[in-house]
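Subject: Structure handover

Hello,

Here is the structure I promised to pass on. Please open it alongside this note.

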Amino acid sequence: MQPQSSRFRAVLTGATAFTLAAALAACGSTDGGDKGDSAKAGAGRGAAAATGSSSASTPSASTASSAPGSSAPGASAPGASGSSAPGSPAAGSTTATAAPVPAAGSGKVLMPTGPQAAFGKARDTAAGQIMMTTLTGPKSGVSGKVWVWLPPEYNDPKYAKTGFPVLTLYAGGQSAGYNTWTDNQLPIQEVDADLAKQGKAHPFIMIMPVQNLDSNEAKALECADIPGQPKIGTWMAEDIPDFVRANFRTVKGRDGWGLMGASTGAFCSVKLALQHPDKFKAAVPIDGYFNPDSPLWKGYETDRQANSPDLLVAQGKADVRVLATAGGANAYEIKLVKAWVAKAAAPLTVEYYEQPGGKHLTTDFKKMIPDTLQWLTKNLAGPQSD
């Protein structure tokens with residue numbers, strides 16, 4: 001995106017009450033490499049949580065450290081590597097086309113409607129393989145890579161008719177052709193599988209899309225439909241959820257759908273949640289920014305403002321839950337995030353977490369993974385069966 005001073009200018013939101021024990025990650029390498037925003041912002045984390053009001057109040061320690069509201073089913077061994085699970089895509093070609101949203105029924109579970117996409121294996125993890133396909137969105141016309149991880153429970157016959165919650169993860173940096181949540185620097189899949197075994201986190205279906213179609217930051221799409229540019233916002237908010245429902249067993253309604261991202265991905269996660277509260281219930285923007293600053297917005301100020309979390313947060317239109325974080329080692333980031341948190345208007349609920357000594361690095365995002373997964377578990381519906 002733009003130079004550090006501009007990109008970093010929008011990164012504050014806080015909540016000291018949360019003791020996030022492991023940092024979520026999506027921004028570049030531990031040394032601030034070119035695949036992330038680690039070189040663009042320092043981080044600092046202070047305290048205060050806002051619940052739909054302009055003044056932030058600190059949540060109680062008990063709230064911050066409490067276990068998730070509901071237990072996840074115990075983990076089982078994944079299905080055989082490379083085999084198809086009920087409702088899951090088979091390995092093969094790597095192109096998918098999103099399907100129409102299925103008609104609403106009376107149950108809690110949405111079974112896959114098809115057409116079934118074909119995935120190739122991206123890599124193996126200790127918690128099962130990460131698959132990849134290229135999704136061509138019928139609503140957006142955008143074609144881009146999407147990675148998917150299914151929790152071990154998904155392929156267990158005991159859960160053959162169970163719908164699972166969905167967590168979409170956005171990367172830091174430009175994320176054109178890659179998504180850092182698929183990288184072994186950010187082992188969120190292994191952490192989720194382990195926490196699910198302990199009943200501390202839901203077994204989430206994890207969706208990891210690219211965010212841009214060009215590595216040039218001057219062409220940053222900011223997860224929005226910028227006039228004259230590819231409709232990446234529609235791809236993310238419409239085509240990807242349709243694609244997920246077409247291929248996987250999910251929880252009916254928005255209560256099982258969450259978004260999370262770090263740095264640039266943080267912007268995407270909170271923007272999409274605030275714009276589409278009918279589709280998403282919760283978001284975790286980690287060390288993000290809130291003011292769209294892509295050069296592509298030039299000449300389209302009204303459209304830019306309509307895609308600005310800095311303005312959306314105060315409109316009082318989104319009944320969603322947000323956990324916003326900042327790194328404690330960066331005073332500017334702390335100030336930025338806290339200022340954003342303070343603008344929150346009901347029914348929006350925003351909690352703030354400041355990671356002690358945290359910097360804008362993948363190594364620090366990684367430390368927050370366990371606690372952010374538990375926060376999402378507390379604020380999203382878990383696996384459902386009819």
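Is strand β11 (residues 257-262) largely enclosed by the rest of the structure, or is it open, and why? It is largely enclosed, because six of its six residues are buried. Bear in mind that this is a predicted model.

Take the two faces of β11 in turn. Trp257, Leu259 and Gly261 are buried on one side. Gly258, Met260 and Ala262 are buried on the other.

Next, the neighbours. Strand β8 (residues 166-170) pairs with β11 in the parallel sense, over five bridges. In that pairing, valine 166 stands opposite tryptophan 257. Strand β12 (residues 282-286) also runs parallel to β11, and five bridges join these two. Here methionine 260 stands opposite valine 284. Helix α5 (residues 264-275) belongs with this second pair: β11, α5 and β12 make a right-handed β-α-β unit.

Now the packing. In soluble globular proteins, nonpolar side chains tend to be buried together. The largest nonpolar core here has 70 residues.

Leucine 373 is worth a click. Leaving aside residues up to four places away in sequence, leucine 373 touches Leu167, Ile188, Val191, Asp192, Leu195, Ala201, Phe204 and Met206. Another core, of 18 residues, lies apart from the largest one. Among its members are Val270, Ala318, Val341 and Tyr352.

Best wishes

Definitions and conventions:
Residues are numbered from 1 along each chain as its sequence is written. This is a predicted model: local features need pLDDT of at least 70, side-chain atom pairs count only at pLDDT 80 or more; totals for chains, interfaces and linings use all residues. Side-chain values use heavy atoms; hydrogens and water are left out. Buried means under 20% relative accessible area, exposed over 50%, partly exposed in between (1.4 Å probe, protein chains only). Helices (H or I, at least four residues) and strands (E, at least two) are DSSP runs, numbered from the N terminus. Two strands pair if DSSP finds at least two bridges between them. A crossover is right-handed if, with the strands pointing away from the viewer, the path from the first strand over the helix to the second runs clockwise. A nonpolar core is a set of buried Ala, Val, Leu, Ile, Met, Phe, Trp, Tyr and Cys residues joined through side-chain atoms within 4.5 Å. Contact means heavy atoms within 4.5 Å.
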